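Trainee: I would like to go through this structure by question and answer. May we begin with the side chains and then turn to the helices and the loops?

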Amino acid sequence: MLCLRTQLSLSSRSSFPLTLSASKQFRNQQLKAWPSRSSIKMMSTQPSKAVEHIVLFKVKEDTEPSKVSAMVNGLSSLISLDQVLHLTVGPLLRNRSSSLTFTHMLHSRYKSKEDLEAYSAHPSHVSVVKGNVLPIIDDIMAVDWVAEDLRGDVVPPQGSAIRVSFLKLKENVASDEVLGVIRGLPENFKQISQLTCGENFSPARAKGFSIASLAVFPGPSELEAVDSNEELVNYQKDKVRDRLESVVVVDYVVPPLPSASL
């Protein structure tokens, strides 16, 4: 987890989102520079509990591609840490929040909050953040939540599309009202293969956003099919629109593993 305490008050008035998830890899795999990275699929057929960790980065304009690859490669190497169940990192497919300009995303999963904290404090993580991340970014945002009922794969298949949404609630709005609507989305959008949501438990790094969700789709075409059903999408948005102050929505595709020759 990137324990960076950046407190920039950015917000977006974009519409209510759907969201997505992440993956896991064999620990001792050799890692090399790669513009995006994900872990090897690991199956979990029974509902389980996991901690979701999402970090959004804005890479500085005109950053040398080699430095961006070094950042992605360095973060990807953290899959080797014992606490990490899954980790994927790479460029965003789409940033749907016009007031924000994030360029990259990291998604990882852990068994517990304690494992996430141990990952955050690990010397390898601290070294990557200081050496490869901070020097080339203009902005960062991170949100953590507990996925109480994680169904399906702990690791989304390569090529899966992920939609991540961060919600900032209006004053005096109960989070359960919004979370209930989010949890019902798979009943209306059959393209969603996995969905988790919850309350952020790391407010210092979240710019005031208190609810997060992550929706996994088989691929970008299924994600686009949801967006094309405007009538149903707007109906779901209307259920929560008056309760939200702002929303951040980004789309991401779980990248393939590089070949062994790279």
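Trainee: Over the ring of which residue does the charged end of Lys-113 sit?

Mentor: This is a predicted model, in which local features need pLDDT of at least 70, side-chain atom pairs count only at pLDDT 80 or more, and totals for chains, interfaces and linings use all residues. Residues are numbered from 1 along each chain as its sequence is written, and side-chain values use heavy atoms, with hydrogens and water left out. A charge sits over a ring if NZ of Lys or CZ of Arg is within 6 Å of the ring centre and within 35 degrees of the ring normal. The charged end of Lys-113 lies 4.5 Å from the centre of the ring in question, which is that of Phe-201.

Trainee: At what distance from the ring centre does Lys-168 lie over the face of Phe-209?

Mentor: The same rule for a charge over a ring applies, with its limit of 6 Å from the ring centre. Lys-168 lies over the face of Phe-209, and its distance from the ring centre is 4.8 Å.

Trainee: Is the pair of rings of Tyr-110 and Tyr-119 stacked, edge-to-face or tilted?

Mentor: Rings of Phe, Tyr and Trp (its six-membered ring) pair if their centres lie within 6.5 Å; planes under 30 degrees apart count as stacked, over 60 as edge-to-face and the rest as tilted. By this rule the count comes to one aromatic pair. The ring centres of Tyr-110 and Tyr-119 are 5.2 Å apart and the planes stand at 50°, so the pair is tilted.

Trainee: Are Tyr-110 and Tyr-119 buried or exposed?

Mentor: Buried means under 20% relative accessible area, exposed over 50%, and partly exposed in between (1.4 Å probe, protein chains only). For the whole chain of 262 residues, 53% count as buried. Both Tyr-110 and Tyr-119 are buried.

Trainee: How are helices H2 and H3 oriented to each other?

Mentor: Helices (H or I, at least four residues) and strands (E, at least two) are DSSP runs, numbered from the N terminus. Axes are lines fitted to C-alpha atoms, for helices over the stretch in contact, and angles run from 0 to 180 degrees between N-to-C directions; under 35 degrees counts as roughly parallel, over 145 as roughly antiparallel, 65 to 115 as roughly perpendicular and the rest as oblique. H2 (residues 113-121) and H3 (residues 123-133) pack at about 55°, with axes 5 Å apart. That angle makes the orientation of H2 to H3 oblique.

Trainee: How is H1 oriented to H3?

Mentor: The axes of H1 (residues 65-76) and H3 come within 9 Å and cross at roughly 175°. Ala-70, Met-71, Gly-74 and Leu-75 in H1 meet Val-128, Asn-132 and Val-133 in H3. These residues divide into five nonpolar, two polar and no charged. The crossing angle makes H1, relative to H3, roughly antiparallel.

Trainee: What is the relative accessibility of Arg-205?

Mentor: Arg-205 is in the loop between strand S7 (194-199) and strand S8 (211-217). Its C-alpha atom is separated by 8.4 Å from that of Ile-140, 65 residues apart along the chain. Arg-205 counts as buried because its relative accessibility is 1%.

Trainee: Does Asp-62 count as buried or exposed?

Mentor: Asp-62 is found in the loop between strand S1 (48-59) and H1. Phi of Asp-62 is near 70°, a positive value in a residue other than glycine. With a relative accessibility of 78%, Asp-62 counts as exposed.

Trainee: In which loop is Asn-172 found?

Mentor: Asn-172 has a positive phi of about 70° although it is not a glycine. Its relative accessible area is 75%, so Asn-172 is exposed. The loop is the one between strand S6 (161-169) and helix H4 (175-183).

Key: Contact means heavy atoms within 4.5 Å. Ala, Val, Leu, Ile, Met, Phe, Trp, Tyr, Cys and Pro count as nonpolar, Asp, Glu, Lys and Arg as charged, and the others, Gly among them, as polar.
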